[in-house]
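Open the model in your viewer and keep the selection tool at hand. The stops below can be taken in order.

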Amino acid sequence: MIVECTKFDDIWRKAKSNVGEEGLHSTYSWSEGVASVTLSNYIGEEVTIENNQKAPAIFFDNADYPIWLEFKGYVKKAQFGSILQSENEKFTFRRQILAGFLNYGNEVGRSEIQLIYQVGTETRSFVFSFEVLSTKLNYHEHWKVIIEDIEQEYRMLSLDYMRRTFHGFSPDTSGETPEIIWWSVFANEQQKFIKACKNIIDRPRHRLHGKETYKRADRLTFIPTCIENELAEHRQDSSHLYRVEECVWTNDTQENRFLKFALGQITSKYEALKKRIEIVKNASDVMKANMQTTLTTLKRLQRNPFFRTVGNYKGMSQESLILQKATGYSRVYRTWSLLQRSYSLNDGIYRLQTKDIATLYEIWCFIEVSHIVKEKLNLSNENVDHRNRMEMNGLFTWNLGTGEHSRILFKKDGIELAELIYNPKSSERENRSVGIKDLVVPTVPQKPDIVLQLTKSDLQKGMKMTYLFDAKYRIDGKDKNGVDVPPEDAINQMHRYRDAIYYKDCQSNTLKKEVIGGYILFPGDGEPTDIAVSKFRKTIDEVNIGAFPLRPKDTHNRLLLEQFIEELIQNKSHETISKVIPQKGALLQVPNRLLVGLVGNSSRPGYTQSFLDGNATLYYTGPKFPTTIALHDLHYFIPYIKGEGVRDIYEIVRVRTITGKEAKQIEGESATDDMRLAFELRFSRKLFDNYHSINTHKLINYTFIDTSFDKMEEWMTVDKL
């Protein structure tokens, strides 16, 4: 058997650069009969590989491996024995040579090359086992951290089936036992379980059982004292039957009843899961044949005449030493116990398949961003509302819910501060459960990995700032400083997301730009000082598109993402919007300026009271209005109610002139017929729950303040009224 890789030198150097040579070792094992295994490495050396010993890695993700197998002339048939039909179809057997190729894609972990060949009427098999490593992350360290973090947040989300790689797992003390666990455990135990059942049926455990019977006197081997008088009375009657109790051996024991119960339960569950797995299009003929053989054997054991004399299992009144220690029984009891237990992805003897590393990395990045947002908002677990959930995928595995089903809300004192959404699919038509409310894509559907929406209320109540993060398990080489570079097409995708996703205003039915920035998360590495000045980091400050390296155990580069998200949280709305680059020829107006005006006693009925109630629609000035205040870009108005302070903020809809007579609504007083300014208002929101006093020395003529949101603290006082 010869395994080659034409680009192995480049793959090895890439993996060595990203992971380090100490992490590029694999353990190899194989069936009996192998004379030698030799590795010709990238520098031309030949290294002898020992069975079950570590050696330099050969197999990596996303690489093609052509394989040739030459058989002796007496082998008339040979095939590749994968559980995936699509993988078996890549191999053909001609002129005693079985040839094909393997590419594991993004699947990492332990795998096997299994060959099935025929010598005469005998079918033989050969297995060669090894580890498939990642060229971007250290499989022995980083993969385990990713799995542990995901399992801590979403139990059993990492699991999958019909994969080409597997991992070791061991019993756990708590948790549920999903069907994927049941199937994986029994796949490892089924031959041992069947052999144990056969051994018990051939040599079962008996027990003496008292049986009532009727016999003639000449058939009695022992005369109990209880029938001596009856025997004397009927000594002349040779046909008289005497009721006696004799001890006989019986198979109807508690242990055999348990065997009957366990065999029936396991056979029924195996048959149900077998039917579900057979409908998978990619299940290979080899796998289906093996499953049918196992089920046939289990059913044949169930129909064995031995079980006709065994009753139904009704539980154990006490522990049975026979089930725990006796040959055969202990194996059956152990298998049944294993199938009832939960498991964790610690190193163990049982095989378990997980999602591919790219999907796991994407989920892990979502969890990391959620942790960072929670930390930077200084929130406890009680303030994080997990509305996300896992959803059944295929036969018996789960995916993380998408869109509305993955929402995590961050709140404090009942006020929403941020929300995080996983894999929403934004389109014009599908925008209910899989998308985000009010976000649409008029052209083709878009599906960013992670959507972060920060809620700001300094300009407009409940305004949401949208930022996109996309996890990519890829690296496009290194720059001149040795910093890993994100893939170019992923950066281009961020530009597309920002241009394609819009906000649809329900009131005006108009489209508005929504996404402020897009950022790639990738498993890159490099010195933090070099990453801080890298091109993909500097473009974030320039155009709000860029990337952040994020990998397990890398706390230094994770700090760059933490600092960035903290800035997003702390920045005011007007600061964020002011940095958005407008279209050429367009003027981007940031609604930042506001006017504070004194509301004194007015002869107009209900004028002051309407401001107290938050129902005012008009504010008019006195005959004198400062000429230093520019009217064209005033956006908001805050009434300063004499004797109370400031509390509410209004949006300025329109500014016009009115006469004093119109303002005062007093008929027949020509003296008040001077010109005033009138501000038509619309209530926006409350700035404070209670009224706050202000520094009246900053008022122009003790009547007005022309200011902005970022300067509000300069004229506010600390004490509340």
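This is a predicted model: local features need pLDDT of at least 70, side-chain atom pairs count only at pLDDT 80 or more; totals for chains, interfaces and linings use all residues.

**Stop 1: the surface patch**

Select Ile2, Trp68 and Ile97, which make a nonpolar surface patch of about 270 Å². Isoleucine 2 belongs to strand E1, residues 2-3. Its relative accessibility is 49%, so isoleucine 2 counts as partly exposed; the exposed class requires over 50%.

**Stop 2: two packed helices**

Two packed helices are described by the angle and the distance between their axes. Show helix H4 (residues 179-202) together with helix H7 (residues 285-302): their axes come within 11 Å and cross at roughly 35°. The H4 and H7 crossing is left-handed. To see the contact, display side chains on both helices.

**Stop 3**

Side chains of opposite charge can pair when their charged atoms come close.

Start with aspartate 10 and arginine 13, whose side chains meet at 3.8 Å, N to O. Both sit in helix H1 (residues 8-19), and because they are 3 residues apart, about one helical turn separates them. Aspartate 10 is exposed, at 52% relative accessible area, while arginine 13 is partly exposed, at 47%.

**Stop 4: a buried pair and its network**

Which side chain does glutamate 87 meet in a salt bridge at 3.7 Å? Select arginine 164: this is the partner. Glutamate 87 is in helix H2 (residues 85-88) and arginine 164 is in the loop between helix H3 (139-153) and strand E13 (167-172), so the pair ties together parts 77 residues apart in sequence. Glutamate 87 is buried, with a relative accessible area of 6%, and arginine 164 is buried as well, at 18%.

**Stop 5**

Move to glutamate 419 and arginine 407, which form a salt bridge at 1.8 Å, N to O. Glutamate 419 lies in strand E22 (residues 415-422), and arginine 407 lies in the loop between strand E20 (397-400) and strand E21 (408-412), 12 residues apart. Both residues, glutamate 419 and arginine 407, are buried.

To finish, select Glu87, Glu107, Asp160, Arg163, Arg164 and Asp356, which salt bridges with shared partners join into one network.

Note on methods. Residues are numbered from 1 along each chain as its sequence is written. Side-chain values use heavy atoms; hydrogens and water are left out. Patches are made of residues with over 30% relative accessible area and no salt bridge: like charges are joined within 9 Å, nonpolar side chains (Val, Leu, Ile, Met, Phe, Trp, Tyr) within 5 Å. Accessible areas come from the Shrake-Rupley method with a 1.4 Å probe; for residues, only the protein chains shown count as cover. A salt bridge is a side-chain nitrogen of Lys or Arg within 4 Å of a carboxyl oxygen of Asp or Glu. Helices (H or I, at least four residues) and strands (E, at least two) are DSSP runs, numbered from the N terminus. Buried means under 20% relative accessible area, exposed over 50%, partly exposed in between (1.4 Å probe, protein chains only). Axes are lines fitted to C-alpha atoms, for helices over the stretch in contact, and angles run from 0 to 180 degrees between N-to-C directions. A crossing is left-handed if the near helix is turned anticlockwise from the far one by less than a right angle, and right-handed if clockwise.
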